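Please look through the sequence and the structure shown below before reading the notes that come after them.

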Amino acid sequence: MRDEKAVGSRSQEPEARSQNETPALPTGRPVIGRPVGEAGVSAAASSTVRRLASGFRRLASSFCPLPSAYCLLARFSPRPSALSPLLLLLLLGGCARERREFRPQGAQGPPVAQSELTPGAPAPTPPTRNQAEESAYDLNEGKRLFQQYNCSGCHAQGGGGMGPPLMDDKWLYGSDPANVFQTVVEGRPNGMPSFRQKIPNGQVWQLVGYVRSLSGQLPKDVSPTRDDHMSAHPSEQRSQQRGPVNSGPSKSEEMPR
Amino acid sequence: MSAAETEEAARAAEARRAETELARNPDLAARKVRADRRELDEAADRRALERTWASGRGLWAWLTTTNHKDISARYIITAFVFFLLGGVEAAVMRLQLARPENGVLGPDLYNQVFTMHGTTMMFLFAVPIMEGIGLYLVPLMIGTRNVAFPRMNAYGYFAYLFGGLFLYVSFFLHTGPDAGWFAYVPLSGPGYSPGKRVDVWAQMITFTEIAALVGAIEIVVTVFKQRAPGMTLNRVPLFVWTQVISSFMIIFGMPAVMLASSFLASDRLIDTHFFNPAEGGDALLYQHVFWFFGHPEVYIIFLPALGFVSAIVAAFARRKVFGYTAMVLSLIATAFLGFGLWVHHMFATPLPQLGQSFFTGASMMIAIPSGVQIFCWLATLWGGKLRLKTPLLFVLGFVAIFTLGGLTGVMLAAVPLDLQVHDTYFVVAHFHYVLIGGAVFPLFGAFYYWAPKFMGRMLSERAGRWNFWLMFVGFNLVFFPMHQLGLKGMPRRVYTYLPETGWGDLNLLASLGALLLTAGVAVFLGNYLWARRAGEVAGDNPWHAPGLEWATASPPPAYNFVYLPTVQGRYAVWESDADAPVVVGLKTDCREVLVTHVLDAAPGHRYQLPGPSIWPLLVALATAAAFAPGIFTPWAFAVGAVLAFLALFGWFWSDPKSGNEPGRAAQPAPPAPQLEPTPRARPLEEGA
Amino acid sequence: MRRARAPLCPTLARLGAALACVSAAACRRGMQSALDPAGPQARRIENLWWLFFYVCAAVFVLVMVWTLAAVYRARVRRRETATALDVTDEPELAPAPQTERALRNVVVGATALTVVILFVFLVASFVTGRALWEPADRTNQLTVEVTGQQWWWKVRYLDAANAQNVFTTANEIHIPTNTPVTFKLQAPDVIHSFWVPNLMGKKDLIPGQIAYLWLQADRPGTYRGQCAEYCGMQHAHMAFYVVAEPPEQFAAWLTRQRMAAAQPASASAQRGQQVFMNAPCVMCHTIRGTQAGSGIGPDLTHVGSRTTIAAGTLPNERGHLANWVADAQSVKPGSRMPPNSLSPEDLQALLDYLQSLQ
């Protein structure tokens, strides 16, 4: 998905990293309560495929972001592009995890509007890519915001309280990052408020990533570790992967197909 | 008591003393039998030794060698490469700080770069290069053929190399640690340093730890058990003393940082709570454990440099160093006091004042042994006949810079002053004066002094002077203004500063000085590369220096000495006469060394050292397999432990005596070494 | 030979000149300088500094003179022996006993002098240290709670008598002159260090511990302080100001700060308030007297009255404020202030509102 040419061209302006694949929401597609998989078997299979795909994506994404030495060389070398092939080899190891993006391009974009109306039959939704889920820094920010924005007030530390638990395998409104994003931005019935315009999109994506890490949906090496508070549960990096089972709120709210 | 009686008693005592001395001192006894060196077939012995001690050529030999000089050369070169990398990082930082609100580096990268600089210089450059030089020279200086545990020595180097590579590969993958070389929790803890950056730091510590401890044990055992006959403990060269003492400091200090980094790693990886105040941990605990190592670390780096200075001063002042006993006692006092003043790094923390006062006292007290040593060297210079060559120039530069650094150190010991200048550029200036002045200048002096021994050729004297003056002026330009910056309130570890603070001009000056300093190091590199090919051929002892290392060829053969020398005084070469006895009777068809007694270096028995072996490399690889992936999963340690067990199994199983060399297995196994003590002067009697 | 010796002298001159520069008056001015004391504690430390400085400078000069004299003497000696005997390289293993005795006396004397100097230093240090922690006047009840966090300072003025009087501000601490003020220091995240060089040395803020410090300013003025313990990404931009003002002026400031925020007067400011309440601002900031009450970011109740924003990073002017609100990450990468996309009209209204919060 990223060829060498793309990397080479990036090297001329190492900082202007395009936030391609900003996890644009699959607008116009019903995501609420969409049952996953036709049968249990295919659900498991698709989960495996998804994990594999995410592994490849992570590998590919490791080409990208401002590795220190690369950045230094690009800054001081008269012809940085000449160094690219060599550095590429070095960069294969994976560094999306260490990315720290402070001015993400997508963060200031218009809030994602969603409509549940769609012409024709709903097409299958490809899983959304949330770049914040690849960066340990973003996830850690998500964890901080989860506390500071008082998500814990209703969801406790993920264990649930007034709001549903986030550590288990049940996803009322879907486990895809896009679903969670929508849940935060739009709110949901029975108490989940809408944070539209209240939380900048970049931070929502960080929160989305963190919420998904609570039930072990993310690789352990990016998931947050314990913080310096009382520990209510094992840290996110040590939580077992649960599900996901996209249960839907109830039969009656399920979308007609 | 009358005068005559007193005289009589004194005479009797003198006679008794001479008698005991003769009985106790093997070389005096040996002198009576006077080995005649001409009767020995030196050429044949040399050939046999060449065959036995040869490391071989090619990649396999490179990987398996256990020769202390090969391994030390690697240590020195690797550490110097890290020095250059750390220097580049420093230069980039100076570029960033040259102007206020400069944009060369962003905060994320700057924090990684300054962490890498500190970590590289402390763990990958300073300690290894001091140990590397020690491991090269100590066996030569004490007159033996190899270090005590040659395979462990090889293992230490590989562990160090893997640790360094691990850190730098991570840095190139944008995973460079960014919490400072000290990695204070909670900033370095799980909550505030997401990702694997700090884990890389913590594991790298473990690697270099292992290497440092291994090297320290090598040096201590080698010096205590393998000194040439006659080199009693009070004849041990000052250089060797510094190596032994700093090795002891490593043995006591390094485990503390290993503890700190392991606690940190387990807090980060498996959710322990050593440093989490909410669960009963303590963030300050980390600082205590870290600085219990961190302060002795400074002396670990600095003591060997004092050894360089003593060696250079003696050689170029053409006289013995003034106050040998005072020097040795000062070194030992420094080592003891060095463990008792770590809290002066923590004066700003909420610790009780009474407790802090003790550490003020201890911190000031350590100025006394340092002062004694400086005074002794100055006395030596005063009483000598100076040859003002490059090594001595570096020593004079050392005296100037280190004295200044020591005096600012006394200032830092006072709690009130420390409260103002702690964590400012004043401290940056102070410890660069102490570490560059106290360790790097002597190190460059040592390079000039021992280069003829290392490579058989002299470095250019002319380039050496350029090197010295560029470094000296550049160094002072970089770091002197920092004192002032600190007093004017500039904190350390800031990636930029605002124009209205008024720090711009001094910072610009410092950055310009960095150019000179860089030029100085570049001149050294050029000089070295030039001298390797075209330098004047040195001969055995170009400086007419006193150490035993000059009593053999340059560069030394793999077996160091054809016949192990005996020693008649502290300045072995100066004090030995042409027909001094040598040790004979050691086997030449296997790697045999002479083991002597700790205090009086009387010959004890012969001992066979192992030859080349691949196992150290494999054990190091197993170590790497445990620690490097250990930042991702604790299971790596289980896997690594199994691998290490297997590799160690091979290590202990393989017959060290066979040398593992192809073709050697066919030869009859050499007879077992004599384990019972050889009669005192036995090896010396052969020629009688 | 001559060529080799010559460069030592200019070096000494240069070092001397550099040393002299430290004592130059120019170095003593500064709003963040340890050598420009504005309070009794900093003054005591400064006095101690000059004691150490002059004694150490004298010691340094002595050692350098000794070194150069030794080099000179030894080289002269070498030249003499060279002409006389031509065996200069012969090492001296048994130097003349009277020289050795003299040298021993000098070394012992120098060591003894070192011990005496260190003892003087030690006593001076203890005496100064004791004075730093005991305020002369304990009558004043003013206690300021300072919470250092990544990467700004939360400041609460405590009032044991009347809880109504407690208020919060940020990055700007006002104190009355000639009155000791107690500071209660804490940090919720990582270690920071509270340091106002013109007034006093630093104190670390360790999570899980509370530290106390008192400060006193003798003359009115604005003194810059800065976090002195590396605390992460924006450690460099974590400054604050201490404004020392005469007691009556301070009392007026205190009264003003205790009040809730003024209601927006102009239409634009009213719109700005609405923008504030509907934008991410409200998630993190408090404006007393409105529904904004979050404690994540600095309290903005009287933000218009402060001289700087972003923890002493930018002057509090409209342009900088706009930049900070819209794109804080370009000023302070990694800080907690997210970028905000507001329409130009909304932004202008918001600025009007924020500036009206005097």
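- Chain A has eight helices and zero strands, and from the N terminus on its elements run α-α-α-α-α-α-α-α.
- Of the 257 residues in chain A, 40% are buried, and among its contacts with a separation of 6 or more, 79% are between residues 24 or more positions apart.
- Where chain A touches chain C, 14 residues from chain A and 14 residues from chain C take part; on the side of chain A, these residues divide into five nonpolar, five polar and four charged.

**Chain B and its helix α8**
- Chain B has 22 helices and four strands, and 63% of its 688 residues count as buried.
- In chain B, residues 24 or more positions apart account for 81% of the contacts with a separation of 6 or more.
- Helix α8 of chain B, which covers residues 197–225, has 29 residues and reaches 43 Å from its first C-alpha to its last, close to the 42 Å expected at 1.5 Å a residue.
- Because 23 of the 29 residues of α8(B) are buried, this helix is largely enclosed by the rest of the structure.

**One residue of chain C**
- Where does C:Ala239 lie? It lies in strand β10 of chain C, which covers residues 239–245.
- Why does C:Ala239 count as buried? It has 24 C-beta neighbours inside 10 Å, and the cut-off for a buried residue is 20 or more.
- Leaving out residues up to four places away in sequence, C:Ala239 touches C:Arg224, C:Gly225, C:Gln226, C:Ala311 and C:Gly312.
- C:Ala160, by contrast, is 79 residues apart from C:Ala239 in sequence, and the two are 28 Å apart in space, C-alpha to C-alpha.

**Confidence in chain B**
- The mean pLDDT of chain B is 87, and 90% of its residues reach 70 or more.
- Among the elements of chain B, helix α5 (residues 68–97) has the highest mean pLDDT, at 95, whereas helix α22 (residues 682–685) has the lowest, at 40.
- Over residues 28–37 of chain B the pLDDT is below 50, and this stretch has 22 contacts in the model beyond near neighbours in sequence.
- The pLDDT is also below 50 over residues 659–688 of chain B, a stretch with 64 contacts in the model beyond near neighbours in sequence.
- Where pLDDT is low, the predicted coordinates should not be read in detail.

Definitions and conventions
Residues are numbered from 1 along each chain as its sequence is written. Chains are lettered from A and ligands numbered from 1 in the order in which they are written. This is a predicted model: local features need pLDDT of at least 70, side-chain atom pairs count only at pLDDT 80 or more; totals for chains, interfaces and linings use all residues. Two residues are in contact if their C-beta atoms, placed from the backbone, lie within 7 Å. Ala, Val, Leu, Ile, Met, Phe, Trp, Tyr, Cys and Pro count as nonpolar, Asp, Glu, Lys and Arg as charged, and the others, Gly among them, as polar. Helices (H or I, at least four residues) and strands (E, at least two) are DSSP runs, numbered from the N terminus. A residue is buried if 20 or more other C-beta atoms lie within 10 Å of its own, exposed if 12 or fewer, and partly exposed in between; C-beta atoms are placed from the backbone. The expected span of a helix is 1.5 Å times one less than its number of residues. pLDDT is the predictor's confidence in each residue, from 0 to 100.
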